[in-house]
Structure formats: C-alpha cells, structure tokens
Amino acid sequence: MVHNNLALAYQQLGEPNKAEDNLSQSFKLIEDQPQSKEKQTIVAQAFDIKGKLDLNRGKAQQAWDDWEQAAVNYNA
C-alpha cells in the first residue's frame with residue numbers, strides 16, 4: 001500500500017516515471033501474497049493509479065483496461 005501511495009504522490013507532483021516505478025514495486029510485492037480482500041483492494045488501487053498514469057500519457061485504451069482490472073478486484 002505504501003508504494004501505491006507513493007505512486008499517487010509522485011503522479012500528483014508530475015513525476016510519472018517515479019510513480020510507475022512505485023507501482024511496479026507494488027505489483028511485485030503483492031504478487032506472492034496469499035489471496036485476501038486486502039490484497040484485492042491493494043491491487044485494485046494500483047490499477048486505478050496506473051489507469052490515471054496511462055490516461056495522462058495519452059494511452060486511453062490501456063487506461064480503460066487498467067480501470068476494468070481495478071473494478072474486477074474491487075468487486076471480487
């Protein structure tokens with residue numbers, strides 16, 4: 001969750017590369033964790049942030065795909 005929050009902060013500061021690096025760390029760290037509601041929430045938040053980054057970079061389709069993944073994890 002810390003990496004998600006850092007990614008969000010870097011995004012708001014206009015540092016998309018640092019934001020993306022933190023999201024990568026978040027996905028990497030959570031990957032091996034056992035399935036739980038907390039894990040799904042963290043993954044959903046990471047995809048939500050990634051979607052915003054992709055949209056800001058002009059990757060609308062990728063942003064849509066990211067947000068779909070966020071919705072799947074939020075609703076699971």
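My cut-offs are under 20% relative accessible area for buried, over 50% for exposed, and partly exposed in between, with a 1.4 Å probe and protein chains only. Asn 5 lies in helix H1. For helices I take DSSP runs of H or I with at least four residues, and for strands runs of E with at least two, numbered from the N terminus. From the C-alpha atom of Asn 5 to that of Ser 26 I get 9.7 Å, with the two residues 21 apart along the chain.

Note on the source: this is a predicted model, in which local features need pLDDT of at least 70 and side-chain atom pairs count only at pLDDT 80 or more, while totals for chains, interfaces and linings use all residues. Residues are numbered from 1 along each chain as its sequence is written, and side-chain values use heavy atoms, with hydrogens and water left out.

Next entry: Asn 4, also looked up in helix H1. Is Asn 4 buried or exposed? Asn 4 is buried, because its relative accessible area is 1%. Leaving aside neighbours within four places in sequence, I list Leu 23, Ser 26, Ile 42, Gln 45, Ala 46 and Ile 49 in contact with Asn 4, where contact means heavy atoms within 4.5 Å.

I then went through H1, residues 2–12, and noted Asn 4, Ala 7 and Gln 11 as buried. They sit on the same side of H1 because they cover an arc of only 60° around the axis; the arc is taken over the directions from the helix axis to the C-beta atoms. On the other side of H1, I found Val 2 and Gln 12 exposed. The buried residues of H1 pack against helix H2 (16–31) and helix H3 (37–56).

For the helix pairs I used axes fitted as lines to C-alpha atoms, over the stretch in contact, with angles from 0 to 180 degrees between N-to-C directions. How do H1 and H3 cross, and at what angle? Their axes come within 10 Å and cross at roughly 20°, which makes H1 roughly parallel to H3. Angles under 35 degrees count as roughly parallel, over 145 as roughly antiparallel, 65 to 115 as roughly perpendicular, and the rest as oblique. In this pair, Asn 4, Ala 7, Leu 8 and Gln 11 of H1 meet H3 residues including Ile 42, Gln 45 and Ala 46.

For H2 and H3 I have axes that come within 10 Å and cross at roughly 155°, which makes H2 roughly antiparallel to H3. Among the H2 residues that meet H3 are Pro 16, Ala 19, Leu 23 and Phe 27.

Last, the cores. I define a nonpolar core as a set of buried Ala, Val, Leu, Ile, Met, Phe, Trp, Tyr and Cys residues joined through side-chain atoms within 4.5 Å. The largest has six residues: Ala 7, Ala 19, Leu 23, Ala 46, Ile 49 and Leu 53. H2 and H3 are the elements that give two or more residues to this core, and its largest share, three residues, comes from H3. Apart from it I found another core, of five residues, among them Ile 30, Ile 42, Val 43 and Phe 47. I also checked Ala 46, which touches Asn 4, Leu 23, Ser 26 and Phe 27, not counting residues up to four places away in sequence.
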